[in-house]
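Please read the points below with the sequence and the model at hand.

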Amino acid sequence: MKKFVKIIASTLLVGALLTGCASGGAGKTGEGNGSFEPKREVEFVVPSSAGGGSDLNARIISEIAFKEGFTPKNFMVTNMPGGSGGVAFADVYSKKGNNETLMILHNGQIMSTIVNESPVTSDMLTYLPVVAFDNLLIVTRADSEYQDIEALLEAAKTPDKVKVGGSQRGNTDHLAFELMNKYAEVEASYVQFDGSGDVLGALLGGHIDAAICNPSDTLGQVQAGEVIPLAVFSQERIGKEFEDAPTFAELGYEGIEIDAVRAIAGPPEMSAEAIAFYDEVIRKVTETDQWKNEYLEPNNLEGVYMTSAEAKEFFEKEIEKYKEIFTEVGVIK
Amino acid sequence: MGNVQLLLEGIGTALSFQNLIAAFAGAIMGLIVGAMPGIGSLAGVALLLPLTFKMNPTTAIIMLAALYYSNMYGGSFSAILLNIPGDSPAIMTSLDGYPMSRKGEAGKALFTASVSSFIGGTIGIIMLTFIGPLAAKWGLSFGPAELTWLIVLALTSIGWLIGDKPAAGLLATALGMMIATVGFDKALGQPRFAFGNVNLFSGVAFIPLVIGMFGFGQVIDMVVNRDNYASVSSKKLSIKESIVNKDEAKRIAPVAVRSGLLGTFIGILPGAGATMGAFLSYVTEKKIGKNKDQMGKGAVEGVAAAEAANNGAAMGAFAPLLSLGIPGSGTSAVLLGGLMMWGLQPGPLLFKNNPDFVWGLIGSMYIGNIICLIIAILSIPILMKVVTVPSSLMVPLISSICIIGTYSVNNSMFDVYLMIGAGVLAYLMSLADIPAAPLLLSFVLTPMLEMYIRQSFDISGGSLGVFIQSPISKVLCTLIILFSVTPILLKIFNKKPPVDMSEMDA
């Protein structure tokens with residue numbers, strides 16, 4: 001009994017300390033009086049593991065914004081993988097009204113939260129600018145038995161024979177895969193990984209037959225000749241190292257076409273002043289030479305800039321499109 | 001050997017003034033970050049990364065790498081002194097480190113941890129230097145099925161970890177697995193056991209759990225069993241005593257070498273990491289070590305095994321990163337992002353295209369590891385003073401550290417409540433002699449296990465055959481069966497004496 005009292009006592013002691021923290025925690029989200037500036041380091045959430053395309057995107061934005069003095073406070077990148085983006089979505093959603101949280105928004109995550117019927121979907125968050133369009137491609141390792149896309153598709157006619165890896169479920173990778181299955185009339189199977197680094201590891205280790213990823217994920221391996229690009233999911237061929245990979249349209253397959261969209265989002269109820277502030281910072285970032293030369297160019301990306309308002313309109317239309325495609329290929333039932 | 005010449009050039013690069021300063025700064029920051037509960041190497045490297053963008057890539061990676069591996073040294077400090085592992089790889093260190101500290105051997109524990117860290121780290125660097133790219137390639141042959149077995153091996157071996165009471169260990173393991181399933185299902189993105197609570201959608205966070213179970217659970221114990229804690233503080237501690245004697249050095253050396261090798265090997269594998277390295281090395285020692293009975297009660301071997309292994313693993317994680325452009329751990333994934341930011345192209349050509357960078361980094365690791373050892377040993381006298389703080393001060397102090405450490409990670413009060421709940425749970429568990437370490441380890445490993453099982457089935461199309469397809473799987477599977485059946489068989493054969501005893505009692 002005495003012990004029990006002591007346990008209570010020690011818990012109470014901590015309670016006293018807690019009250020301090022709790023009162024410190026409340027009311028720290030500054031009210032906008034005219035113009036907004038972040039008062040502390042801005043948390044920049046990346047909904048996938050470090051080293052992938054979204055991660056790189058977040059890191060280059062924070063680097064430029066900080067280096068060029070576009071923001072008084074640094075953007076700190078936090079990786080929050082899992083749940084096909086759902087984990088990060090839920091986290092950002094829980095920070096309602098917080099003006100110092102940003103998140104990389106990739107159309108793949110928008111899709112997966114819809115497909116997975118996650119409790120938090122992108123329309124519950126605040127849309128911030130769209131910054132780039134990215135390409136998708138399917139690759140294999142150099143010593144693979146499928147040296148071109150036709151060989152792979154031929155083998156994939158046997159159900160579950162060809163294993164194709166991609167990051168997360170219901171993502172752009174997955175959608176690209178489903179489009180390929182449907183319109184090339186094959187039955188490959190999809191193996192889901194947490195990030196593109198893991199997919200490539202599994203490909204090189206011989207555990208899967210092909211991988212769907214972005215050009216920047218695999219440039220190093222392609223240069224070394226260890227990975228060969230088989231085909232691209234874009235409208236046109238992408239340049240340089242990936243020049244040899246045909247589009248699916250060239251091969252006579254219609255409808256196997258998808259781009260990745262890279263944008264930014266914030267927590268729900270972000271103040272109008274904060275939205276204007278980030279619109280401005282991101283616009284400035286996308287106008288720098290460093291953005292063009294060190295991000296867009298080496299990663300084979302197409303630069304765009306849409307304000308938060310334009311992004312909202314854009315994504316609302318896109319979401320309708322994704323729903324249609326996923327329903328068509330049977331991922332949404 | 002071309003490697004030796006390149007290495008010497010690399011050491012030359014690393015010895016330049018700015019690179020030495022970078023290694024030194026990284027080492028100091030790593031020790032501090034490692035010692036602070038709540039911030040691990042992942043957060044430390046991620047926090048520092050943006051500040052390195054203006055540096056030249058070699059200097060930048062030298063600093064970040066130093067932060068990464070010295071973090072493993074620092075993690076042992078709070079594990080030994082306060083029973084709060086600074087980071088998940090230090091969980092195993094606290095198992096013997098803290099009991100040593102309670103016996104008045106805090107200095108000795110810290111010294112053992114530092115020296116073993118150095119030995120493990122050095123083994124890791126040597127392996128990285130000579131067989132790095134080769135080992136990394138081989139590491140890729142561990143696919144989802146093989147990694148599934150590796151984790152199952154770790155989870156089943158918890159039974160040996162708590163030798164006298166396997167049931168309690170298994171219970172804790174199961175509890176950890178259950179807690180780990182809270183939150184989003186990795187594969188389908190559906191929330192599980194979240195009860196509509198947004199805070200639980202992303203699952204139970206590791207930091208509040210570890211700080212609560214070790215740190216705050218400790219506070220409760222300190223308040224309840226006040227008399228036990230008074231004795232330690234009154235003991236005089238001398239620095240001389242902290243240096244291990246010849247006999248102990250003989251005990252530590254083979255353990256550190258074995259664990260360093262095993263740790264490095266685990267570090268090279270994709271997705272395994274330092275926590276699993278420390279864990280598997282500890283259980284290996286617990287099984288085959290000369291002093292296995294004392295392990296868990298404050299034996300230098302326990303500290304040596306855990307620390308040598310987690311340092312080895314930290315070094316091993318660099319092999320796939322540098323030679324393949326594929327991250328072997330969360331922290332090295334951040335470094336991969338760093339490579340791109342510095343304008344390097346990670347991938348198989350990195351060794352060829354940027355030899356100054358790669359060999360400068362490897363060279364700096366030899367030097368950085370020595371720097372870490374020196375700083376760690378020099379800080380022992382200061383650290384030891386922590387033990388002499390009377391518990392009347394320690395209780396509010398540790399409580400504050402626990403709360404601030406938890407709160408600062410996500411600025412979330414929910415996490416703080418979770419931390420306190422975990423502390424109470426840990427205390428109740430300790431009353432029932434249920435260890436907390438297996439719970440935390442299975443909590444860390446379960447999400448990975450789930451993902452690998454799922455991927456294996458994706459690959460096999462639902463057939464179980466995938467789990468015994470490769471030779472590696474077969475070996476691991478055999479080991480698991482062997483390890484789980486042996487204790488039972490041994491018990492049957494040794495049954496007689498205890499039976500007699502109980503009859504006598506009756």
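The numbered points that follow concern a sheet, aromatic contacts, salt bridges and backbone angles.

1. The structure is a predicted model.

2. Five strands make up an open sheet in chain A; their order is 7-6-8-5-9 and their pairing is mixed. Strand 7 (189–193) and strand 9 of chain A are at the edges, each having a single partner strand, so one side of each lacks a neighbour in the sheet. From one strand to the next, the twist averages 30°.

3. Partners of strand 5. In chain A, strand 5 runs antiparallel to strand 8 (residues 210–213), and 3 bridges join the two. Strand 5 is also antiparallel to strand 9 (residues 227–232) of chain A, with 5 bridges between them. Individual positions can be followed along these pairings. A:V139 has A:A211 as its bridge partner in strand 8 of chain A, and A:V139 stands opposite A:P229 in strand 9 of chain A. A:L137 stands opposite A:V232, also in strand 9 of chain A.

4. Burial of strand 5. How many residues of strand 5 (residues 137–141) of chain A are buried? The strand is mostly covered, with 5 of its 5 residues buried. In a regular strand, side chains alternate between the two faces of the sheet. For strand 5 of chain A, both faces are covered: one side carries A:L137, A:V139 and A:R141, the other A:I138 and A:T140, and all are buried.

5. A helix of chain B on the sheet. Helix 23 (residues 437–460) of chain B packs on the sheet and touches strand 6 (163–167) and strand 7 of chain A. The direction of helix 23 of chain B makes about 165° with that of strand 7 of chain A.

6. Aromatic pairs. Over all chains, the count comes to 19 aromatic pairs. One of them is the tilted pair of A:F133 and A:F314, with 6.1 Å centre to centre and 45° between the planes. A:F133 is in strand 4 (residues 126–134) of chain A and A:F314 in helix 11 (residues 308–329) of chain A, so this pair ties together parts 181 residues apart in sequence. A:F133 counts as buried, at 18% relative accessibility.

7. An aromatic pair in chain B. The ring centres of B:F142 and B:F265 are 6.2 Å apart and the planes are at 75°, so the pair is edge-to-face. The two residues are 123 residues apart: B:F142 belongs to the loop between helix 6 (106–139) and helix 7 (144–156) of chain B, and B:F265 to helix 14 (residues 246–268) of chain B. B:F142 is buried at 5% relative accessibility, whereas B:F265 is partly exposed at 26%.

8. Other ring contacts. A:F36, A:F44, A:F75, A:F277 and A:Y278 form one aromatic cluster. Elsewhere, the charged end of A:K182 sits over the ring of A:Y183, at 5.8 Å from its centre.

9. Salt bridges. The whole structure holds 16 salt bridges over all chains. One of them joins A:R59 to A:D55, with the closest N and O atoms 2.9 Å apart. These residues are 4 residues apart in helix 2 (residues 53–67) of chain A, about one helical turn, and both are buried. A:D134 and A:R262 also meet in a salt bridge, at 3.0 Å from N to O. A:D134 lies in strand 4 and A:R262 in strand 10 (residues 260–266) of chain A, so the pair ties together parts 128 residues apart in sequence. A:D134 is buried at 2% relative accessibility, and A:R262 is buried with a relative accessible area of 2%.

10. A:R237 and A:E250 form a salt bridge whose closest N and O atoms are 2.7 Å apart. A:R237 is partly exposed at 35% relative accessible area, and A:E250 is partly exposed at 46%. A:E43, A:D91 and A:K95 are linked in a network of salt bridges.

11. Positive phi angles. Most residues other than glycine have a negative phi. A:E185, in the loop between helix 6 (172–183) and strand 7 of chain A, has a positive phi near 55°. B:N83, in the loop between helix 4 (57–82) and helix 5 (91–102) of chain B, has a positive phi near 65°. Is each residue buried or exposed? A:E185 is exposed at 66% relative accessibility, while B:N83 is buried at 11% relative accessible area.

Notes: Residues numbered from 1 in each chain as written. Chains lettered and ligands numbered in written order. Predicted model: local features only at pLDDT ≥ 70, side-chain atom pairs only at ≥ 80, totals over all residues. Heavy atoms only, no water. Phe/Tyr/Trp six-rings, centres within 6.5 Å; stacked < 30°, edge-to-face > 60°. Buried < 20%, exposed > 50% of the residue type's maximum accessible area, 1.4 Å probe, protein only. Lys NZ or Arg CZ within 6 Å of the ring centre and 35° of its normal. Pairing = 2+ DSSP bridges. Axes fitted to C-alpha atoms, helices over the stretch in contact; angles between N-to-C directions. Contact = heavy atoms within 4.5 Å. Salt bridge = Lys/Arg side-chain N within 4 Å of Asp/Glu carboxyl O.
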